[in-house]
Amino acid sequence: MTHGQTPGPEPSGPAPAAEGPVLTPALAALLDGVGAHSGGVYLRAPDAPVLEMAVMAGLPRSFTAPWERIGMNAPVPVAEAVRERRLVWVGGEEEMARRYPRVAVVLPYAFALAALPLATDSAVYGAVFLTWPGSHPPELSEREREELTSACRRLTLRLESVAARGRPARPEPDLLAAPPAGNVTGSLGAVEAARMAARLPYGLCSLDLNGRVRFANAAAAELMGIRVDDLVGGHLWAAVPWLNDPGYEDRYRAALLSQRATSFVALRPPATWLSFRLYPSRDGLSVRISRARAVSALRRPGGQADDAPSRLVTVSQVMSLAGALTEAVGVRDVVRLVADELATAATAQAVVLLGSRAGRLHVLGHRGYPDPHVVERFDGTPLTEPTPGVHALNSGVPAFFESRRQLERLYPVRAATPDGFAAWAYLPLIASGRPVGTCVLAYAEPHPFAADERAVLTSLGGLIAQALERALLYDAKHRLAHGLQEALLPHSLPRLPGLDAVARYRPATRGMDIGGDFYDLLDARPRAAAVIGDVQGHNVTAAGLMGQIRTAVRAYTTVGQSPAEVMRSTNRLLIDLDAELFASCLYLRLDPERGRAVMARAGHPPPLLRRPDGRVRVLDLAGGPLLGIDGAAGYPTTDVEFTPGCLLALYTDGLVEAPGLDIEDAVAGLCRRLADAGDLPPDELADLLVQRGDGDRERIDDVALLLLRAR
């Protein structure tokens, strides 16, 4: 478990709820104290590193549907606040898009957000988030920060206290406080207001925070072609079929969250365009409706759905998972994201991704199973076996089993292979018109699947299928690339008299993880020869050219060419190949008996020489241009000492180059590490040098290192 995920105290067995509401009064006071217009409180799940929404205020739950349950490692502000035990502030729409793109995809509106942990040094109880309209200053004031941290500290102490008494806090009713639908007769003023609205020449209606119509005048009903009685009390987009559109609902969400007026134009069939202007407040929306002027060639922003209130949840979940799956590279990434995003949102406790190869079912990955063997025993199952996973894969039809009894009635074979769960959803993953796998969600308790939940899960299966298809292709190319790379680099270095040699290669962490870095050590007795180089690019072409250069260097060395001749011949070869790629190279002829080394360089980083006394020198050798540029180029040689105890470090630029890092500073740092650790055995020294910063930064280039020590 990572830092910041320490579970709070857990009572044994079911515990009674806390005495009276705990979260609602604290959240209401906090919203009022800092002028926020919405917020919510999460509580930590007692049996998993997950935050669960406990109470929401100011906005409907549909706005935060993808985050009803949040994994502690999720890239969202609330989870980050808990992990890092600090206040997380997002000052506006642009900052949200930059720091938390998954949230911005679902809520691309102008608002500010603060998230704070409800935690002590040893336990996590939950988290709080609050939002402000887009008009809030980009930074919190000192008063707001102090109010937020003090209020969360008090709420944490309260949660700690009730948990210690065995009565932990539980979810509480949301704070929306909407008045009864259609209630406009409570006073003389309200009656007069209704009469005034009825006389207006344009439509006017009032919506609560959930989008239900609380009041509508006659003009609004006439413009939309529906009776007032059919409008009041229902959702606007459910009562008016041609408003049943995600694009229009998006404007409603934007107005409430940003607290800014928004508008849209909609077509009332067959040919009447209406303008809707939405004016938000903290308890709902006022909508002004009129005929649109000068409207031409306007199109509706989207399709329709059967159940508008639940569809708000559906659209949000689809967008959130879609944003997450764009980050998936390999199959492992897809498994992780499905477990973190979909399984968490669907309250499933385990997930399995299945694929097929050579007529058999294969387990691509799984999460949440206490005993991995329970899942892995299905690996290799023939696609003719009567199992639900095979059936979903072959038929492309989803299957939902609300209990073990349902599953075993259709698939008696599963009675002999219990997995410890009580309900399952088998989602076929169809991409490009063909099945690529099956996603299995498992539930610890019997789980009824409502019609809208089945529809949501099935549609999300399509997104997972596309990501899985890309991931399977990437993994196949990745294996091919690594196989090619391993075939082109030496499997081992020869053991030569008077010389200790070790080499390391690390691929880049971007792209195909394949590059053009190469090295070699040749037995050219009575001497030895070594080469290191870097072909431009990170693809199969670069790797193939690298193999040709390495083979050419071996051939030119074998026929007895001098270092300068080897470089000139290799340069002419590269130009003749017309590969339109360049290469850097460093070639040296070693004579340990005489204690000398002759070197030739073609645009390659300078080698380092560590003397027996521990001093390190950068060998600034004379050299020529990169190979493959000028067919007439010459490559002068330099003679350097290589007496017993001396160590030469040859490397490619990936070892010393990184974004924002000065190359001279990086080489100087490499010199210091070589000076300090140069007496280590060569294998340990090589590992130490290539591991520099690997845990802290992404490698944008591959790395090759060759260490040569004279004995």
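1. Helix α12 comprises 15 residues and spans 20 Å from its first C-alpha to its last, close to the 21 Å expected at 1.5 Å a residue; the expected span is 1.5 Å times one less than the number of residues. Helices here are DSSP runs of H or I of at least four residues, and strands are E runs of at least two, numbered from the N terminus.

2. The model is predicted: local features need pLDDT of at least 70, side-chain atom pairs count only at pLDDT 80 or more, and totals for chains, interfaces and linings use all residues. Residues are numbered from 1 along each chain as its sequence is written, and side-chain values use heavy atoms, without hydrogens and water.

3. A kink of about 30° in α12 is centred on Val-338, the bend being the angle between axes fitted to the seven residues ending at a residue and the seven starting there. Val-338 is among the buried residues of α12, which also include Val-334, Leu-342 and Thr-344 (under 20% relative accessible area, 1.4 Å probe, protein chains only). After α12 comes Thr-347, with a positive phi near 60°.

4. Strands β12 and β13 (residues 360–367) run antiparallel and are joined by seven bridges; pairing requires at least two DSSP bridges. Arg-357 stands opposite Arg-360 in β13. Two residues lie between the strands of this hairpin, in which Ala-358 has a positive phi near 55°.

Methods:
Buried < 20%, exposed > 50% of the residue type's maximum accessible area, 1.4 Å probe, protein only.
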